[in-house]
Amino acid sequence: MSDEDLVRIVDETIDVAALRRRVEDPRAGAVATFEGVVRDHNRGVAVDRLEYDAYAPMAEKEIAGIVDAARERWQLHRLAVVHRVGRLEVGEVAVAVVVSSSHRATAFDACRYVIDRLKERAPIWKKEFGADGSHWLEGPEDVVTGGGAGGEEGDGGDRGDGGNRGSGGDEAA
Amino acid sequence: MTGDGEDGRAGEGVVVEVVLFARIRELVGRESLSLRLPSGTDVDGCFRRLAERHSRLAPLRSRVAAAVNEEYASWDRVLRHGDVVTFIPPVSGGGPG
């Protein structure tokens, strides 16, 4: 992680535009932004809201390590990774990953890498509140619903990294 | 509130702080607690001690990862006095594996 990178767990609204400005660089021809947004359903059940919990100091360390790894793999200018905790309503941004680089292939690849790894490693949990009560979403096998992985985005972790991106109501399709 | 001091003479062993999150926090009912453990206790032993007091944790053993001092740790890591331990329920990707 360079001095100019930002990695933070926050408990307030994420200002994605500010993050976008933060990664600007005269050398950067590309900025890739991922926003994880709370959606209104998960596994066929309506979701009213989510609550996120995090072991913030460890999450920030883990994410900084992921940023380091991304910097080793790709030539990047700046990164900003912010995850919000607390209560989030449908439509709110739970996590943002913003990456600038000279060219777009790198920006896309690094941005995806960071969010994928964050979802695997960062000690951040979400609790879903919906019509059938509330429960903590836990991994690809959600104990309450007994559902399998990958229902939402249809890819079930086929990147081989074990991550399940269909487990919670926080990503736009 | 401090933890148990009941498993040996006062001052023996190591005292660790266990911080809890998500479902484990709800099952235990606390954000953190102190445990006095025999010297040489490893992370697995710490979990077992916690599960002795909160039996609903026991089935989670295969589904949690462990961290010591804000870094992922192996279950056979021997704990030292003042270590901060946490047990990490599965994150959306199932943890580091």
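**Reading the sheet, the helices and the cores**

Tutor: Begin with the sheet of chain B, in which 5 strands form an open sheet with mixed pairing, in the order β2-β1-β5-β3-β4. Its edge strands, β2 (32-37) and β4 (71-73) of chain B, each pair on one side only. Averaged over the sheet and ignoring direction, neighbouring strands are turned by 35 degrees against each other. Keep in mind that this is a predicted model.

Student: In which sense do β3 and β5 of chain B pair, and over how many bridges?

Tutor: In general, the strands of a sheet pair through backbone hydrogen bonds, either parallel or antiparallel. Here β3 (residues 65-68) and β5 (residues 84-88) of chain B run in the antiparallel sense, with 4 bridges between them. At the level of residues, B:Ala66 has B:Phe87 of β5(B) as its bridge partner.

Student: Which strands does helix α2 of chain B touch?

Tutor: Helix α2 (residues 43-53) of chain B packs on the sheet and touches β1 (14-19), β2, β3 and β5 of chain B. The direction of α2(B) makes about 115 degrees with that of β2(B).

Student: How many residues of α2(B) are buried?

Tutor: The helix is mostly covered, with 8 of its 11 residues buried. Among them are B:Val43, B:Cys46, B:Phe47, B:Leu50 and B:Ala51; B:Asp44 and B:Arg49 are also buried. The buried residues pack against β1, β2, β3 and β5 of chain B.

Student: What is the pattern of chain B along the sequence?

Tutor: Chain B has 2 helices and 5 strands, and they follow the pattern β-α-β-α-β-β-β. Of its 97 residues, 47% are buried. For contacts with a separation of 6 or more, 56% in chain B join residues 24 or more positions apart. The chain exposes about 4,900 Å², and carbon and sulfur atoms supply 45% of that area.

Student: Now chain A. How many residues does helix α3 of chain A have, and what distance does it reach?

Tutor: Helix α3 (residues 104-121) of chain A has 18 residues. From first C-alpha to last it reaches 26 Å, close to the 26 Å expected at 1.5 Å a residue.

Student: Which residues of α3(A) are buried, and what do they pack against?

Tutor: An α-helix has 3.6 residues a turn, so residues three or four places apart point the same way. In α3(A), the buried residues include A:Ala107, A:Ala110, A:Cys111, A:Val114 and A:Leu118. The buried residues of this helix pack against β2 (30-37), α2 (56-73), β5 (78-84), β7 (93-101) and β8 (124-130) of chain A.

Student: What does A:Thr106 touch?

Tutor: A:Thr106 is found in helix α3 of chain A. Not counting residues up to four places away in sequence, A:Thr106 touches A:Trp74, A:Gln75, A:Leu76 and A:Ser101. A:Ala96 is 10 residues from A:Thr106 in sequence, and their C-alpha atoms are 17 Å apart in space.

Student: Which residues touch the most other members of the largest nonpolar core?

Tutor: In soluble globular proteins, nonpolar side chains tend to be buried together. The largest nonpolar core has 34 residues, and A:Ile63, A:Val97, A:Val114, A:Leu118 and A:Ile124 touch the most other members. α3(A) gives the most to this core, with 7 residues. A second, separate core of 25 residues includes B:Leu37, B:Val43, B:Leu57 and B:Leu60.

Terms used. Residues numbered from 1 in each chain as written. Chains lettered and ligands numbered in written order. Predicted model: local features only at pLDDT ≥ 70, side-chain atom pairs only at ≥ 80, totals over all residues. Heavy atoms only, no water. Expected span 1.5 Å × (residues − 1). Buried < 20%, exposed > 50% of the residue type's maximum accessible area, 1.4 Å probe, protein only. Contact = heavy atoms within 4.5 Å. Areas by Shrake-Rupley, 256 points an atom, 1.4 Å probe, with all protein chains shown as cover. Core = buried A, V, L, I, M, F, W, Y, C linked by side-chain atoms within 4.5 Å. Pairing = 2+ DSSP bridges. Axes fitted to C-alpha atoms, helices over the stretch in contact; angles between N-to-C directions.
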